[in-house]
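Please report on the fold of this chain.

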Amino acid sequence: MKILALHSDFLEVEPKKKAIKTAEDIKKEKKRIEECLVVFSSVEKSDEDQPDQIAEKTVQEIKNIATQVKTEKIVLYPFVHLSSKPSSPGTALKVLKKIDELLSKNYQVYRAPFGWYKSFELKCKGHPLSELSREITIGENQDTCKALKAEEKIKSQWYIIEPNGELHELSIENGKVTGFNFKKHKNLEKFALYEMAKSRAAPKAPPHVQIMRKLEIADYEEGGDPGNMRFYPKGKLIKGLIEELISTKFAEYGAMEVETPIMYDYDHPCFHGYLDRFPARQYVVHSPNKKLFMRFSACFGQFLIARDATISYKDLPFRMYELAKSFRAEKRGELTGLRRLRAFTMPDCHALCANEQQAKEEMLKRFQVSKSVEEDIGLNFPEDLELGVRIVKKFMDTNKDFVDALVKSFNKPALLELWDKQFFYFTMKYEWNFIDCLDKASALATDQIDVENAERYGLEYTDKDGQKKKPLILHQSPGATERLIYVLLEKAQMQQNKGLKPSLPLWLSPTQVRICSVSQEFNESALKLIEQLKKQNIRVDLDDRELTVGKKIREAEQEWIPYILVYGEKEQQGQLTVRERNGEQKQLSLSELSDRIKQQTKNKPFKQLPLPTILSKRPIFLG
RNA sequence: GCCUCGGUGGCUCAGGGGUAGAGCACUUGCCUUGUAAGCAAGGGGUCAUGGGUUCAAAUCCCAUCCGAGGCUCCA
């Protein structure tokens, strides 16, 4: 199906003469329609198998365009010449009539006669959206259509749920969410609006994009594919530290770390139906004899491990995790900085559970794992986050207590989306959303109860009675590590907007202590001091360049370095003045300084600074 | 994918049919520095790529690539 939509001041059309035998019988009269969207359309051979689906999809497209250009009137104009492979006239007429019927529910529709030579006059408005063409196709796979259609038909009911379990039904009027007093919950209001109204316009690029480059954390890579970032040494350090933290937390919780392949056989029977839901979103790789797709989560590899394992009821919950580099070929326009990528690292932790009761208990346990990750990277819980819970109605009806317990753990009102039917593989999920400087919501931590994939992959455990049973599967992630960095940078920008100095948590700061020598003659003894701090696992470096002290301080401040130390005559005697991030200056001895840092980074992972200690030998990655 | 805007020294950007500009960075020299930018000189760019128009293209046109924002989407 091909359409050409012209937003027009008017269309005047007059049937002249039948072009085909099967032309519609109509009255030959001139017709003029003012202020309308004229949709020239051509039904094609490839549409013949699924005329109803193509009609529905076309209606959706036309509705989108009509909404964009704000018009109430639509003219359907059969125009076979748009296509080189037109369908039979019979199908074409059937499809057009169906489109007419569907559109008429919401719009004033005029359909130009089919099968006639017509003369017409039209005035196109000429604004940027006034001329649009679309090619509409139905994927080859029936499953795809079914799943996508189910999604289109989904009905959501929205609520605010309070920690005491009280529900407030929400509705949306004139771009405002009503049904709950958001006075003390401004970010929750933004989140609800974001989800319900899909009002997502941003006036400019998000601030973290500039910061990630200025601090030499990450950057775009022209030599790759959009959304595949490069990480410079400082960024790789931060990312590595966060990943190590997450890994430790998962291990403490009792999950087993595994590593699974990043690409899988397209034709493997387990993946059918799961892949088809997202037909255009895979990176495809061709090996000499196979078509493969890059994983978009760790599910594939981990489920295949679990499928082949011998699992007893005594082994449940069976917990497994992986820091999985994952790939989703998102549409070009959906990518933004570190917020949404095509290649990202998804910490993915699955738990196989015997039954619903065990799954619920396990989810509450895992809730605490994610909480401690978010807190350790420097977020305030729950102040910096908004909880969204999505539940299939049937699950809600029998598990309200559990949902209440979940919201109570969050300790703040949450947004609840109720679905009338299950159309994903899960019956419930939650996510914690961060609202950024531009009021955009991004999901960080999430957990889901999967009731479908055990069947699909053939996952089984042996129960007490010797019977093979299908487990429930939980899918948890505290958030992609790139996205966690995005959140830290956006949060730092918010600090700056409030007039505070932006900063990273001490344990994530690439340089924790910067020593600025007053002049060249002090460099050598400063290095001795540095050796002592390094032994204490503190990341310290020396600005040994021939610059004024003022300039060295300024640059260190701009690098967000938490402790800055000028080193000259006085310090050589052992008396240190330390400049902190808040601008305060403190007199400290060397051991006091290192104790202080050890205290502030207690129980956090440590890695050495992956750069030369002296700045004069350090390359600049980004001006 | 579609719409809009952009791509000019390492970085940030100005300019714009007829010898290519600034600030920062870099190199060199002077200064020998005490808590947010010392002074001076110098080097460095086939103006994203490929076509086209023109006596002449970085500038205008087309295509492609890359980036940003929007639409849509986010398993």
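V578 has K586 of β30 as its bridge partner. The setting is the pairing of β29 (residues 576–579) with β30, antiparallel over four bridges. Strands count as paired if DSSP finds at least two bridges between them. Helices (H or I, at least four residues) and strands (E, at least two) are DSSP runs, numbered from the N terminus. This is a predicted model: local features need pLDDT of at least 70, side-chain atom pairs count only at pLDDT 80 or more, and totals for chains, interfaces and linings use all residues. Residues are numbered from 1 along each chain as its sequence is written, while chains are lettered from A and ligands numbered from 1 in the order in which they are written.

The sheet is open and has five strands, ordered β27-β26-β28-β29-β30, with mixed pairing. Its edge strands are β27 (540–543) and β30 (585–588), each pairing on one side only. From one strand to the next, the twist averages 30 degrees. Helix α12 (residues 523–535) packs on this sheet and touches β26 (513–517), β27 and β28 (563–567). Contact here is defined by C-beta atoms, placed from the backbone, within 7 Å. The direction of α12 makes about 170 degrees with that of β27. Axes are lines fitted to C-alpha atoms, for helices over the stretch in contact, and angles run from 0 to 180 degrees between N-to-C directions.

β26 and β27 run parallel and are joined by four bridges. C516 has D543 of β27 as its bridge partner. Together, β26, α12 and β27 make a right-handed β-α-β unit. Right-handed means that, with the strands pointing away from the viewer, the path from the first strand over the helix to the second runs clockwise.

Which way do the residues of β27 point? V540 and L542 point one way, D541 and D543 the other, and all are buried. A residue is buried if 20 or more other C-beta atoms lie within 10 Å of its own, exposed if 12 or fewer, and partly exposed in between, with C-beta atoms placed from the backbone.

S519 sits between β26 and α12. S519 is partly exposed because 14 other C-beta atoms lie within 10 Å. N537 sits in the loop between α12 and β27. N537 is not a glycine, yet has a positive phi of about 60 degrees. With 14 C-beta neighbours inside 10 Å, N537 is partly exposed.

## A three-stranded sheet

Another open sheet has three strands, in the order β14-β16-β15, with antiparallel pairing. β14 (263–265) and β15 (284–286) are the edge strands, and each pairs on one side only. The twist averages 40 degrees from one strand to the next. β14 and β16 (residues 291–294) pair over three bridges. D265 has L292 of β16 as its bridge partner.

## Cores and a cis proline

The largest nonpolar core has 102 residues, and L352 and V389 have the most contacts inside it. Such a core is a set of buried Ala, Val, Leu, Ile, Met, Phe, Trp, Tyr and Cys residues joined through C-beta atoms within 7 Å. Beyond four places in sequence, L352 touches A306, I311, L316, P317, F318, L459, Y461, P471 and I473. Apart from that core lies another, of 29 residues, including A5, L6, F40 and L103.

P317 lies in the loop between α7 (299–308) and β17 (318–327). Is P317 buried or exposed? P317 is buried, because 20 C-beta neighbours lie inside 10 Å. The peptide bond from L316 to P317 is cis, with omega near -5 degrees. A cis bond also runs from F381 to P382, with omega near 0 degrees. P382 is in the loop between α8 (356–376) and β19 (386–392).

## The chain as a whole

Chain A has 15 helices and 30 strands. Its C-alpha trace spans about 105 × 70 × 60 Å along the principal axes. Of the 623 residues in chain A, 38% are buried.

Key: Two residues are in contact if their C-beta atoms, placed from the backbone, lie within 7 Å.
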